[in-house]
2 protein chains.
Amino acid sequence: MAHQGVTPQSEDFSRWYTDVVQKTDLADYSPVRGCMIIKPYGYELWEAIKGALDRRFKATGHQNAYFPLFIPESFIKREAEHVEGFAPELAVVTIGGGKELEEPLIVRPTSETIIGWAFQKWIQSHRDLPLLLNQWANVVRWELRTRLFLRTMEFLWQEGHTAHATHEDALAETMRMLDVYTDFAVNEAAIPVIPGRKSDQERFKGAVSSFSIEAMMRDGKALQAGTSHDLGQNFAKAFDIRYTDENNELQYVWTTSWGVSTRMVGAVVMTHGDDKGLRLPPRLAPIQVVIVPIFRKEEQRAAVMETVGQIAEQLREAGVRVHVDERQNVQPGFKFNDWEMRGVPVRMEIGPKDVEKGQVVLARRDIPGKEGKRFVPQEGIVQAVRELLDAVQAGLLAQATAFRDSHLHEVTDSYAHFVDVIQGGEWALAWFCGGAECEAKVKEDAQAVSRCFPLEQPHAGEHGKCIICGEEAHEMAYFAKAY
Amino acid sequence: MAHQGVTPQSEDFSRWYTDVVQKTDLADYSPVRGCMIIKPYGYELWEAIKGALDRRFKATGHQNAYFPLFIPESFIKREAEHVEGFAPELAVVTIGGGKELEEPLIVRPTSETIIGWAFQKWIQSHRDLPLLLNQWANVVRWELRTRLFLRTMEFLWQEGHTAHATHEDALAETMRMLDVYTDFAVNEAAIPVIPGRKSDQERFKGAVSSFSIEAMMRDGKALQAGTSHDLGQNFAKAFDIRYTDENNELQYVWTTSWGVSTRMVGAVVMTHGDDKGLRLPPRLAPIQVVIVPIFRKEEQRAAVMETVGQIAEQLREAGVRVHVDERQNVQPGFKFNDWEMRGVPVRMEIGPKDVEKGQVVLARRDIPGKEGKRFVPQEGIVQAVRELLDAVQAGLLAQATAFRDSHLHEVTDSYAHFVDVIQGGEWALAWFCGGAECEAKVKEDAQAVSRCFPLEQPHAGEHGKCIICGEEAHEMAYFAKAY
């Protein structure tokens, strides 16, 4: 629990990230290379993310289910592009119950195939459609260059899988879930993500088209924080998922899939964190308010603790997540630093004078120093705390939005400028033909690929010249280095 | 969704179970032998179980965390008895990312070993104790003779893992969690479980002593519905988990572990179900009240549906889980059967006459036919429904308790009688010395082992002669055939 300094972001962003994640007890390394341990504070944050997403999934008519961890090897091979995409990343069980298996089992990297099998069994008629399922599960993709939360061999996620009667319905679902993710990111995680369509090169292997929400981290890099895929009839054909339509004719269904993972925890850390550590958006913070009692003499203790207890109780009853830091072996100053590092949105200090005057001190995490601190009467404290939590939530979103906007650059003049912008750690928005060769060239020249064609096109209806090849292009795309 | 008959329990209990689980859409078989698919209705039931347990874990000071799915093979081997117990049941990953692994990875059958590794890293001082963690996860134990929910290769569960400074503290934790399980089973699942200590033969491999809650299914068989283990210092020594005590001396910690799995869903089905299908305890039921609108003529429709909508809204606002069955292609009688099969605790019927008279019909699932049906005024309906849900909850518990008590037999006269009772599908309570030879003899003679030494001993302080060997015995144990 001892508080130690965190490497400044400006010095080494990557070390800053690892320091913060470990020192705030979000996660730890494990003895299995590539796998992490999610510690209680990190898991509580994930539970808050889960809860906020799950409510949205249910409100849009989805139901949770659970499918097997193991997938027969033959299933993965049924969709040609899918196997090509995932083959290098698979973990394979070859021994079970002491015996070599006849058919190896794949530890699921994603569940389109096994859910496709179930859909084939469950869907008969147009009355069975749409079928709207979601699964909360762990998945495994072989990966040895680990970064806690961002890239791990095993991760936790949700994967939505739906089947529809028409392509129109499936596409509407794909966009609806992209909206749900955007709404979650902006309004819960205070991350001003940019929703858009992936280029053909960057889409999910097996999808007709992929959409994502792209977030900007405080080092300027992009992080794909959620994806939603229109799978067309690719999996329907691979798994023979058909229904009889209203004219009694057999038709293939249209499917979608969409997912958000524990990577979102990393996105929250790197969107809001500063040199003092985490800054957690109040709606997701495991602890929203920490109360630090302050007294020098033992005789002040009882009065202070009584007020602390009363206020904590009031806040708890109002549904605020409060923690009282009663540690006696450390000083208040240490506690302030400690909770700042852990990103608690609001700190409340209560000392003997505050008790006398019927007030408390409130300090907000999003505004440092004296500017973020003020005295507030104990009367009406619940309302004051609620308003302050809302203000911190809005403050973090505003800061992240301002940061993002100051690092987005529309580039139309030259390819050299375009490459410069990307190599300078910024995002370039440019006309892009979408071609594989163009994207490969950017990868070579600027170590970056396209992030997305944003849904909100700044020059919608117009067209321009691809910044790379000069051919006609109808959409602009963001390019940036990425996690 | 078509309702078809369920095999009567008296005809073939095992087929009754499989029929009910599949026809009510709790679960389905999967293409991977031994693994099941949990369908939305079954998963909602599991979510209710999770929620009720998780609240209790948090109220008793536990935090959730998440540990890796994969465990290095060498870890499993560190605790001698543990590896002996689990070796035959392991699924082993030998290939990752296209390459043969140097050290195979075990898909976790349980997590004492990898959590032991983490405890060793995290625990230094007596101030770090107790450490009270819980994990919600999937685990794999190789098993090919599948029964949906009861015995599957992969299952979902929670596993609590705690570390303490003294054996006294660890034992207190073991008993506290057994109490939590008992409280959950009785007050949420309406299952009158018997908490007790397992015999030395039946304890968890690696534990000093194991405790369980034992439930009686409607075929008389026992089902172990939850376990809590005092692990002594076995894992502390295997993983070198030590702390410096207040005298600055290094001491091994004392650990516990405890778990409840998706098996609990099977326990709910087999404790309460009848020939018509499921009977779900209201506190866990995904749907607590189903409203069936009734009208013959189209002109009655609007008035009925208006009342239905108003009442459904009132109930929803009050936090009751309501479903309105608006299907138009099936008759009310079909709907009644269908929802009875799905075990919904309360059915509400609303027809044109009920609208006129300002009443509804309420039918409770735990009392069949006319006896369980009555007219209730629409005014005050929320209160009436709440009381009826409480009554059904109590009714199911009372019925299960009466059933259980009528199948428990204290046997003190002869071993032959004892074997007869067990073979007759009942539970025998008898003096038992706890010896391995005695237990093996019962297994051979009656295809059963001891379930537990119940915590509540009917003749506490006394002693008797072991019903098997005749030696002095200080405790009585239950013996029964089991799942």
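A residue is taken as buried if 20 or more other C-beta atoms lie within 10 Å of its own, as exposed if 12 or fewer do, and as partly exposed in between, with C-beta atoms placed from the backbone. Helices (H or I, at least four residues) are DSSP runs numbered from the N terminus. By these criteria, Glu112(A), Thr113(A), Ile114(A), Ile115(A), Gly116(A), Trp117(A), Ala118(A) and Phe119(A) are buried in H5(A). Because eight of the 11 residues of this helix (residues 112-122) are buried, H5 of chain A is largely enclosed by the rest of the structure.

The structure is a predicted model, in which local features need pLDDT of at least 70 and side-chain atom pairs count only at pLDDT 80 or more, whereas totals for chains, interfaces and linings use all residues. Residues are numbered from 1 along each chain as its sequence is written, and chains are lettered from A and ligands numbered from 1 in the order in which they are written. For chain A, the mean pLDDT (the predictor's confidence in each residue, from 0 to 100) is 96, and 99% of the residues reach 70 or more. The ipTM and the pTM of the model are 0.96 and 0.96.

In chain B, the axes of helix H9 (residues 298-317) and helix H12 (residues 381-406) come within 10 Å and cross at roughly 60 degrees. Axes are lines fitted to C-alpha atoms, for helices over the stretch in contact, and angles run from 0 to 180 degrees between N-to-C directions. H9(B) is thus oblique to H12(B); angles under 35 degrees count as roughly parallel, over 145 as roughly antiparallel, 65 to 115 as roughly perpendicular and the rest as oblique. Ile311(B), Gln314(B) and Leu315(B) of H9(B) meet Ile381(B), Val382(B) and Val385(B) of H12(B).

Ile381(B), in helix H12 of chain B, has 20 C-beta neighbours inside 10 Å and therefore counts as buried. Beyond its neighbours within four places in sequence, Ile381(B) is in contact (C-beta atoms, placed from the backbone, within 7 Å) with Ile311(B), Gln314(B), Val360(B) and Val376(B).

How values were computed. Helix = DSSP H or I, 4+ residues; strand = E, 2+ residues; numbered from the N terminus. Contact = placed C-beta atoms within 7 Å.
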